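Hi everyone, thanks for making time for this. I'd like to walk you through one structure, so please have the viewer open and follow along.

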Amino acid sequence: MKLTEIIDSLPIQSRTKVENLANELFYEIFSYLDLYDVYKAFYNLNTRFQNLLINSTLPLKVNLSTMPRRAFQSYHRHMIMSNKHRIASMSISNPFIVDLVFSPVRTVSHYNRLETLVFNQIKSKYLTNILHYLSYLPDLKSLTIIPADEISNRNEVLAKILSLPGLKHCKMSLKERFGVNALAIPSTITSPLEHLIIDHDMSFSQLKSLLSCVPQLRYLTCYAVVSSYGSSSETFTDLLCNLTHVSLQMTDILFNNFEPMIRDLFHHLQVLRISTNRDSEYLNAVRWERLITTFIPQLRVFDLQYTDFGRFDNDPNQHNYESILNKFGTPFWHQRKWFFGYRLEQGTYYNHVTFYSRRSYRKKQYILYKPAIYKMHRNYQIRNIVAVDHLIVHNEEAATNCQRHFPNVTQLTLAENFRTNGVCLRTLFKRIVPLNQITALVIKCDNLYLDELVNLLHAMPSIHTLTYEDRSLKEMEDKSTRQSDLFQLVRSTNTIRNVTITEGFVLKNTKLIISLCPQIQHLTIGQYGRSVLTSIQFILSKIKSDLPRLCSFRANHTPKTVVASIKTMLESEG
């Protein structure tokens, strides 16, 4: 019996209409949905639902990151303008929306209930003024700032961020226009920040200056700590008594320069994750044991990854790394269950060495390499394969030789070389990962035929993000690809919303990708020179026919000399 027949058979008094449900129940339902989806579905339904949306005092979470401009105008007028005092969370990634929401900029202070604010791809010229007015928001606790361009006044922006009175969590990516300059923050500034994520280049001396302003810091993550010219050992005099978690990705930082940070700041540290290179002192197990025992006795997670290129004349120096590995195998390391391994790739002139921690707390990422020398401590066993959600495969041979299955992988990266040699990649990968649950595919390999890509996408019905280097795709004729039944099937069924072309821009290939993925909402290309104008013109011509859902388009590396031409082109398109 059909559901409608069952309902019709019930007595009238037993039936409940949606309109009879209590307001509180609707508010509970709305809390699980995106506000814009609620607005589209209910605002124009009847007066009652309009009043439910407009007159409530409940806090609102606003996500403006995936909204096309034409849809924003009405939403802004009905929901945002009249409810500024209710918005507790706001995420913005479209630059034009920043212009509309915070125009004039002083209206930022009207969002007096705002607790979380995310600016992704905001123009750097707005930052100083917006940050000034954010200081009037007493409840603002979380801030993410990722400008669309490089900034020229990082010191000023940082000072504004650190002056926000209630800020507890901050993620920033403030890439400087003129390299890594000295950090000058007034000594009078003290920030209440507890969780800080820095995703731009920062020298050790800059990091020292910044940490002196955040005495309450608990979690610190820096993705690009770099060496500065003439750098020497820094002394960190301010003990961060609350600092328990540190994650640092360092480049060319000597251990002698890093050790004072351990001695002065890490006394209460529980989790330390570092990625570094070149200085082999990081592989001194005895030195690490002394430092951990003396200065960071509460450490429970120690995650080390060290990489280097070594020159060996017909000798990979394997015995040297076995000796290092053995020194990390004493009772001190066993008792803490900290195990290590190394991987040595032998090249013609140089060998690439990676020495790394092997523990379940490492990032949920696994790399399948081509044949190389592997070694790990005898007490370590490969486990927690089920925790891996990102698999990186270096080449076809690595995939062919893999004897493991990764049941929970959702992101797949193809690196280096996949010439296929007649082997179907779909067949190759389905042995080691469940292709039907892949949501993100990254292609960095050389010369992958588009028909192989289409075949892979056909086996990945859940994919929503595609990233590739344009050199990775071997050009094919439009006719042979577009007219294939598989191409048309994938075109009509895939739900890819995000496409990023990280290097180059072969227009022929991109035309095929756009034709293949009509659901694209966010498109990013990496293209140098004035040729970007041709690309933008092509994208604009396809918005109505092939890209009806496009919300944002970003062209990286765009020279300033063509910005004015782009602006004129956009204005002419309306």
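Predicted model: local features only at pLDDT ≥ 70, side-chain atom pairs only at ≥ 80, totals over all residues.

Let's begin with strand S22, residues 498-501, and strand S23, residues 522-526: they pair in the parallel sense, and four bridges join them.

Eight strands form an open sheet, with parallel pairing, and the order is S14-S16-S17-S18-S20-S22-S23-S24. Which strands stand at the edges? They are strand S14 (365-368) and strand S24 (552-556); each has a single partner strand, so one side of each is left without a neighbour in the sheet. On average, neighbouring strands of this sheet are turned by 10° against each other, direction ignored.

S14 and S16 pair in the parallel sense over four bridges, and the bridge partner of Gln 365 in S16 is His 390. Moving on, S16 pairs with strand S17, residues 411-417, again in the parallel sense, over five bridges. There, His 390 has Gln 411 of S17 as its bridge partner. How many residues of strand S16 (residues 390-395) are buried? Six of the six, so S16 is largely enclosed by the rest of the structure.

A helix to look at next is H16, residues 450-458. H16 is mostly covered, with seven of its nine residues buried. Those buried residues are Leu 450, Glu 452, Leu 453, Val 454, Asn 455, Leu 456 and Leu 457.

On to the nonpolar cores. The largest has 107 residues, and the members that touch the most others in it are Phe 258, Phe 266 and Trp 288. A second, separate core has 52 residues, and Leu 453, Ile 463, Cys 517 and Leu 547 are included in it. Going back to Phe 266: what is it in contact with, leaving aside neighbours within four places in sequence? The list is Leu 243, Val 246, Phe 258, Met 261, Leu 272, Phe 295 and Ile 296.

H10 and helix H11 (residues 285-295) pack at an angle of about 20°, and their axes are 10 Å apart. That angle is under 35 degrees, which makes H10 roughly parallel to H11. The crossing of these two helices, H10 and H11, is right-handed. On the H10 side we have Phe 255, Asn 256, Phe 258, Glu 259, Ile 262 and Arg 263, and they meet Arg 287, Trp 288, Leu 291 and Phe 295 in H11.

Asp 252 is not a glycine, yet has a positive phi of about 60°. Asp 252 is found in the loop between strand S9 (245-251) and helix H10 (255-265), and at 32% relative accessibility it counts as partly exposed. Lys 337, also a residue other than glycine, has a positive phi near 60°. You'll find Lys 337 in the loop between helix H13 (331-335) and strand S12 (340-346).

One last stop: is Ser 91 buried or exposed? Ser 91 lies in strand S2, residues 87-92, and counts as buried because its relative accessibility is 18%, where the cut-off is under 20%. Not counting residues up to four places away in sequence, Ser 91 touches Val 62, Asn 63, Leu 64, Ser 65 and Val 118.

Methods:
Residues numbered from 1 in each chain as written. Heavy atoms only, no water. Core = buried A, V, L, I, M, F, W, Y, C linked by side-chain atoms within 4.5 Å. Buried < 20%, exposed > 50% of the residue type's maximum accessible area, 1.4 Å probe, protein only. Contact = heavy atoms within 4.5 Å. Pairing = 2+ DSSP bridges. Axes fitted to C-alpha atoms, helices over the stretch in contact; angles between N-to-C directions. Parallel < 35°, antiparallel > 145°, perpendicular 65-115°, else oblique. Left-handed = near helix turned anticlockwise from the far one by under 90°.
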